[in-house]
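Let's work through a few exercises on a protein fold together. Have the viewer open, try each task, and then compare your steps with the solution.

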Amino acid sequence: MNKKIKILSVVGARPNFMKIAPLLRTFEKYPQIESILVHTGQHYGQKMSKTFFDSLEISSPNYNLDVGSGSHGEQTAKIMEAFEPILEKEKPNLVLVVGDVNSTIACALVASKMHIKIAHVEAGARSFNKKMPEEINRVLTDHISDFLFAHSYQSYKNLFKEGVPKKSVFLVGNIMIDCLATNLPKIEGSKILESLDLKKGFFSLMTMHRPVNVDSEKNLKKIYSIISKIPNKIPIIFPVHPRTEKNIKDKGLWEKFNDLDNLKIIPPLDYIDFMRLLQNCLFVLTDSGGIQAEAAYFKIPTLTMREETELSETVKCGANKLVGLDEKKILHNVSQLQKGKKPLIKKIPLNDGKTAQRIAKILAKSF
């Protein structure tokens, strides 16, 4: 008879929800796995959390820590303080963390000091930019984890270069693609194109939330200048992140952005509607990490407003170009795409929707 394995999975912010949903569904198929979900509340409220739980059909978490916002140090400390009593009560065999947010490193640190095994999904992702708080979270989480599930061959190699024991590393593919593949029927049934009066290939999509872009008045003005020069024959749909909206307003730029003829600002969307827009846009202009992988799956060209990426496989496959805030580079690439000159985009290995199955099988065998 198989021994019962208690796995305590952690989510904190929106990117985590798409990574954890396929795993929770897969764990249900293993009678020997007892699954517990903890939501730290790093992202909270209807727009940032509940709509994603609903659209991805994630059951209500067993625990919600309700930590809310705060500085990196304050938020990480709050999560650690609230998470420790849960581990003392539940005594899980494994704490599973995903991605690179503050919840990831906070919960991994607590588990490590309590000698509870840790699994890190999306291990080995590296931008090699230590000014990004996410990079610090990734590196530290990887070096205290027992199971490192790498999403790409490059991530797999990164871990070996850092001296992580080979027996701890598993190449499994990108878990976000599992979520996308599972929800494809729902995505294709979304009516968001009709409600926004959009046609496939005749609009572009923009997302923006990185502190380097949205906390800087200089960079927000630069982004405004770039957008104002993009020809308005292809409208740009901009579901605005609440923090981005606040920063644009605080810098006195909200009316200027709203006055752009080629920019349509809309409220944040749930996962299903956003993926429908991504699937049908001409290109996406973003500073997000996850969207780079999702766009590559849909073979949608991506212009990433950063100088580096932790998802180098999206560049290698031809889907993604790193353009930073280089106006000349962005306008040239947009012009080429508007003329119909799309890049050849290859499929990324192991992005087949079976990552959660691989992870669950490895964990079930290991205990």
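The exercises below go from the sheets to single residues and then to a pocket.

Two notes before you start. This is a predicted model, in which local features need pLDDT of at least 70 and side-chain atom pairs count only at pLDDT 80 or more, while totals for chains, interfaces and linings use all residues. Residues are numbered from 1 along each chain as its sequence is written, and side-chain values use heavy atoms, with hydrogens and water left out.

**Exercise 1. Work out the strand order of the open sheet of seven strands, and find which strands stand at its edges.**

Step 1: Settle the terms. Helices (H or I, at least four residues) and strands (E, at least two) are DSSP runs, numbered from the N terminus. Two strands pair if DSSP finds at least two bridges between them.

Step 2: Read across the sheet. The order is β3-β2-β1-β4-β5-β6-β7, with parallel pairing.

Step 3: Look at the ends. β3 (63-64) and β7 (169-171) each have a single partner strand, so one side of each is left without a neighbour in the sheet.

Step 4: Check one pair in detail. Strands β1 (residues 5-11) and β2 (residues 33-39) run parallel and are joined by seven bridges. I5 has I33 as its bridge partner in β2.

Step 5: Contact means heavy atoms within 4.5 Å; axes are lines fitted to C-alpha atoms, for helices over the stretch in contact, and angles run from 0 to 180 degrees between N-to-C directions. Helix α4 (residues 102-113) packs on the sheet and touches β1, β4 (94-98) and β5 (117-123), its direction making about 160 degrees with that of β4. Helix α6 lies across β5, β6 (147-150) and β7, at about 165 degrees to β7.

**Exercise 2. Decide whether V10, E122, H115 and N183 are buried or exposed.**

Step 1: Buried means under 20% relative accessible area, exposed over 50%, and partly exposed in between (1.4 Å probe, protein chains only).

Step 2: Take V10, which lies in strand β1. V10 counts as buried, at 3% relative accessibility. Not counting residues up to four places away in sequence, V10 touches I20, V38, T40, F83, V95, L96, V97, V98, S103 and C107.

Step 3: Turn to E122 in strand β5. E122 is buried, at 12% relative accessibility. Its phi is positive, near 85 degrees, in a residue other than glycine.

Step 4: Move to H115, in the loop between α4 and β5. H115 is exposed, with a relative accessible area of 73%. H115 has a positive phi of about 60 degrees although it is not a glycine.

Step 5: Finish with N183, in the loop between α7 (175-182) and α8 (184-189). N183 is buried, at a relative accessible area of 5%. Leaving aside neighbours within four places in sequence, N183 is in contact with R25, S55, L56, Y271 and I272.

**Exercise 3. Describe the lining of the second largest pocket.**

Step 1: Define it. On a 1 Å grid over the protein atoms alone, a pocket is an open set of points where a 1.4 Å probe fits, with protein on both sides within 12 Å along at least five of seven lines; lining residues have an atom within 4 Å of a point.

Step 2: List the lining. It has 15 residues, of which Y153, E313, K316, I348 and P349 lie nearest the centre of the pocket. The elements giving two or more residues are α6 (153-161) and α16 (312-316).

Step 3: Sort by type. Six are nonpolar, four polar and five charged; here Ala, Val, Leu, Ile, Met, Phe, Trp, Tyr, Cys and Pro count as nonpolar, Asp, Glu, Lys and Arg as charged, and the others, Gly among them, as polar.
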